[in-house]
Amino acid sequence: QDKKEKIFFNPIGLGIHDLSEAHRVFENAVKKGIGRKLPLWEEPFLG
């Protein structure tokens with residue numbers, strides 16, 4: 001709120017943590033036989 005005040009923001013999340021958590025959720029869903037496959041595209045798009 002004044003010029004002497006400093007704000008430091010350090011986001012510590014890493015993409016690998018998101019991937020590992022998503023994999024854990026996926027594996028649990030497979031074990032329980034729940035969920036469904038979602039069609040994301042008809043054919044792969046390679047820019």
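Start by selecting Leu14, which sits in the segment before α1. One thing to keep in mind as you click around: this is a predicted model.

Is Leu14 buried, exposed or something in between? Its relative accessibility is 48%, so Leu14 counts as partly exposed, because that class runs between the 20% and 50% cut-offs.

Together, Leu14, Ile16 and Leu19 make a nonpolar surface patch of about 320 Å².

Next, select residues 15–32, which is helix α1.

Which residue follows α1? Pick Gly33 there: its phi is positive, near 70°.

Time to zoom out and show the whole protein chain. Its secondary structure comes to one helix and zero strands, and the C-alpha trace spans about 55 × 35 × 15 Å along its principal axes. How many of the residues count as buried? Of the 47 residues in the chain, 2% do.

The accessible surface of the protein chain is about 5600 Å², and carbon and sulfur atoms account for 61% of that.

Last stop: colour by charge. You'll find 8 positive and 7 negative side chains on the protein chain, with the centres of the two sets 7 Å apart.

Terms used:
Residues are numbered from 1 along each chain as its sequence is written. This is a predicted model: local features need pLDDT of at least 70, side-chain atom pairs count only at pLDDT 80 or more; totals for chains, interfaces and linings use all residues. Side-chain values use heavy atoms; hydrogens and water are left out. Helices (H or I, at least four residues) and strands (E, at least two) are DSSP runs, numbered from the N terminus. Buried means under 20% relative accessible area, exposed over 50%, partly exposed in between (1.4 Å probe, protein chains only). Accessible areas come from the Shrake-Rupley method with a 1.4 Å probe; for residues, only the protein chains shown count as cover. Lys and Arg count as positive and Asp and Glu as negative; His and the chain ends are not counted. The place of a charge is taken as NZ of Lys, CZ of Arg, CG of Asp or CD of Glu. The expected span of a helix is 1.5 Å times one less than its number of residues. Patches are made of residues with over 30% relative accessible area and no salt bridge: like charges are joined within 9 Å, nonpolar side chains (Val, Leu, Ile, Met, Phe, Trp, Tyr) within 5 Å. A salt bridge is a side-chain nitrogen of Lys or Arg within 4 Å of a carboxyl oxygen of Asp or Glu.
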